[in-house]
Amino acid sequence: MILVQVVVGGLLLGAVYALFSSGLTLIWGMMNVVNFAHGDFVMLGMYTAVVIWTALGGGPWASVPIAAILIATLGVISYFFLVRHIMKGPMLAQILGTFGLALFLRYGALYAFGANFKSLPDDLVGHSFVLGGIRFEGSRVLAAVVGLGVTLALHLILTRTSIGSRMLAVSEDATAAQLMGIRPQRMQALAWAMAGAATGIAGALIALFLPISPTSGETLAIVAFVTVSLGGFGSVTGALVAGLLIGVVESLSAFLIGPVYKDVVVYTLFVLVLWFRPQGLMGKA
Amino acid sequence: MLKTSRAALVAGAALLALIAVGPASAQQTVKIGAVYPLSGNSASSGNYAKMAFEMGADLINNGDPELAKIFPLAKGGGLPGLKGAKIQMVVADNQGTPQAGANQTLRLITEEKVAALIGCYQSAITVTASAVAEKYGVPFLNPESVAANLTERGFKWFFRTTPVAADFAKAYSVFLKEQIAAGRKVDSIALVHENTEYGNSVSSVIADAFAKDGLKVTTKIAYAANGPDVQPQVLQLKEKNPDVVIFVSYTADAILYAKTMKELNWKPSILIADDGGFNDPAFTKAMGSVTEGLISRSVFAQGKPGSIPAMMDALYRKKTGGDGLDDVSARVLQGFFVMADAINRAGSTEPAKIRDALKATDLKPDQLVAGYDGVKFDDKGQNILASTLVTQLKNSNYVAVWPKARATDPLVLPYKGW
């Protein structure tokens, strides 16, 4: 019974990993840019939830849509004022450019909100409930369900709509797409907006159960990078599978072997997968 | 045009700076340097420390008539032993790294010309910063770093006022044995600790002390503090179901443990949190309502109204906008007053005289903010009268419950939680 609880905990955790990784994989898939500020976008989504709760008393029903809009706007601004320009430069400029943005956002948050940990009341989405002898934490279940929904929605938009086809066309060959009458910059800005919205939603939901500080994004970003490269850069469904896998492996190894060894197990698995499938579980070779 | 005006601006600023720190004011101020984490992971604690310094300096420089009746240094008008010289705190950011801590210490000594130094919160940074002070022969007082080796280096300019891990372990051991004597079950003890220097060293000192005293540590769980999930650890505890759990944790993980224990509906009959994250105001604010009866340690207890700790606490709340003194800020404030007292008795800003005055320090419990048995240094610079109180969380506030002589509230067991 206790093992089932461990696995359920791992799955819920994994769905959250997938949720905050989808934005990162989208940006990579669309334009081959690694957004090092991704974790700090999540962090700002978390603070959005804090501000809406403390200033207006609003729960996730208010903070999730607002965070989605705010971080999407931030994504578009980052694209037009930073990313669009550094994409013309060498790879190193891209890395350092978004890394600089990460530091700017992190220390901006430190200045605006202070270094203290903040946290939201733990019953904003109801208490935990018991189902078949297994305990579920309301806020984590909500985050997991929304995580699955967002991943599915992004996947459908990319594969089943004309706007998705146009975005993919730009990522395949921007010049050819332009000749077909697609404006690459508009599509890329749209990708940053979608990634920003998904990331904002993730932040606002994670804030319900994780303590929040300006450095929260740092830890989450590492998990996101591992999830995305394990799942395959650019693959939204890959991020979902990888997230769930990492969550369950982490939980089981922490419970059975010991919490300090869980990263060893996860990264061993990570290296093995990349050894045999360098493109990740679901990435294109 | 732009260039010339910028140059003029720089020149003007430089001129202003010169006027501000001109030779006239230098004679009337004593500069004390402090090297604390104002950015990075521990910035929260560092900024609370900074406010403690500002409050302490303000008390000595400008005074507080009520407090002055029982605390002579709060009369105002600066340090009487130095003809009313004002104290100026120069607080530098150690950025959470030993390298930056050493560099900032060097800057404070060579450029700011501070008379003495206080620092640095993190043990690892206190190591490097105090080594610089030792080289330059500047007195260095450490109010809060607990790593045992700090006072084992044969330094001549280093003083430490805080109790160390062995003092805490002894307090827990005596406390738990008293609980056994009172008829409580303490057959199995679990030690859950984060796995960097702090958690590893404190938990091993506790395990050693308990083994010597015949207390059984049956489960040890080490974990990395920065993860987003602690459910596996709590499920391990739930499965083993020990009578006593002792946590050695930082803030984010402390909040997650409190939350997860409630979610998974498990609690031991005695829950001890070794200070750290569990004493952070961010923790008590967010989790106080679901951790009622949590036992911790603290050198600070408010005490009776009108006592030095109670009045200092009220002033500190005014300074911070609501947060009272806690274990860390009280130790920092105590360190500051020990240094101020020594400089006052030295009657000089000469480093050697300040060091001699520090060596002669002999403060009694009723002269202190922190709940020590006094302040008196041994040859290694360690305060031999440092001790700790055992506290318990009641209505989101820690109150002193042990030892009985200094308890303000009765001990309530078993642990209630939510």
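In this predicted model, B:Leu393 stands opposite B:Tyr398, a residue of β12(B). The two strands involved are β11(B) and β12 (residues 397-402) of chain B, which pair in the antiparallel sense over 5 bridges. They form a hairpin with 2 residues between the strands. There, B:Asn395 takes a positive phi near 50°.

Now look at β11 (residues 389-394) of chain B itself. Of its 6 residues, 5 are buried, so the strand is largely enclosed by the rest of the structure. Besides β12(B), β11(B) also pairs with β10(B). These two run antiparallel and are joined by 4 bridges. One point to find on screen is B:Arg297, whose bridge partner in β11(B) is B:Val390.

From β10 (residues 295-298) of chain B, step across to β9(B). Here the pairing is parallel, over 2 bridges. B:Ala273 stands opposite B:Ser296 of β10(B).

B:Ile270 and B:Ile272 point one way. B:Leu271 and B:Ala273 point the other way. All four of these residues are buried. β9(B) also pairs with β8 (residues 244-248) of chain B, in the parallel sense, over 4 bridges. In this pairing B:Val245 stands opposite B:Leu271 of β9(B). The chain gets from β8(B) to β9(B) by way of α10(B), and that β-α-β crossover is right-handed.

Chain B also holds an open sheet of 5 strands. Their order is β2-β1-β3-β4-β5, with parallel pairing. Which strands sit at the edges? They are β2 (86-93) and β5 (158-160) of chain B, each pairing on one side only. Neighbouring strands of this sheet are turned by 25° against each other on average, direction ignored. Within the sheet, β3 (residues 116-119) and β4 (residues 140-142) of chain B pair in the parallel sense over 2 bridges. B:Leu117 has B:Phe140 of β4(B) as its bridge partner. Helix α5 (residues 98-110) of chain B lies across β1 (29-36), β2 and β3 of chain B. This helix runs at about 150° to β2(B).

Next, where do the chains meet? The contact takes 29 residues from chain B and 26 residues from chain A. On the side of chain B that touches chain A, the elements giving two or more residues are α3 (43-62), β7 (217-223), α9 (231-240), α10 (251-263) and α11 (281-287) of chain B. The most come from α9(B), with 6 residues. By type, this side of chain B divides into 13 nonpolar, 11 polar and 5 charged residues.

Finally, turn to chain A. The axes of its helices α3 (residues 60-86) and α4 (residues 91-113) come within 8 Å and cross at roughly 155°. Angles over 145 degrees count as roughly antiparallel, which makes α3(A) roughly antiparallel to α4(A). From α3(A), the contact is made by A:Ser78, A:Leu82 and A:Ile86. From α4(A), A:Ala93, A:Gln94, A:Gly97 and A:Leu101 take part. These contact residues divide into 4 nonpolar, 3 polar and no charged.

Technical notes:
Residues numbered from 1 in each chain as written. Chains lettered and ligands numbered in written order. Predicted model: local features only at pLDDT ≥ 70, side-chain atom pairs only at ≥ 80, totals over all residues. Contact = placed C-beta atoms within 7 Å. Nonpolar A, V, L, I, M, F, W, Y, C, P; charged D, E, K, R; others polar. Pairing = 2+ DSSP bridges. Axes fitted to C-alpha atoms, helices over the stretch in contact; angles between N-to-C directions. Buried ≥ 20, exposed ≤ 12 C-beta atoms within 10 Å, placed from the backbone. Right-handed = clockwise from strand over helix to strand, strands pointing away. Parallel < 35°, antiparallel > 145°, perpendicular 65-115°, else oblique.
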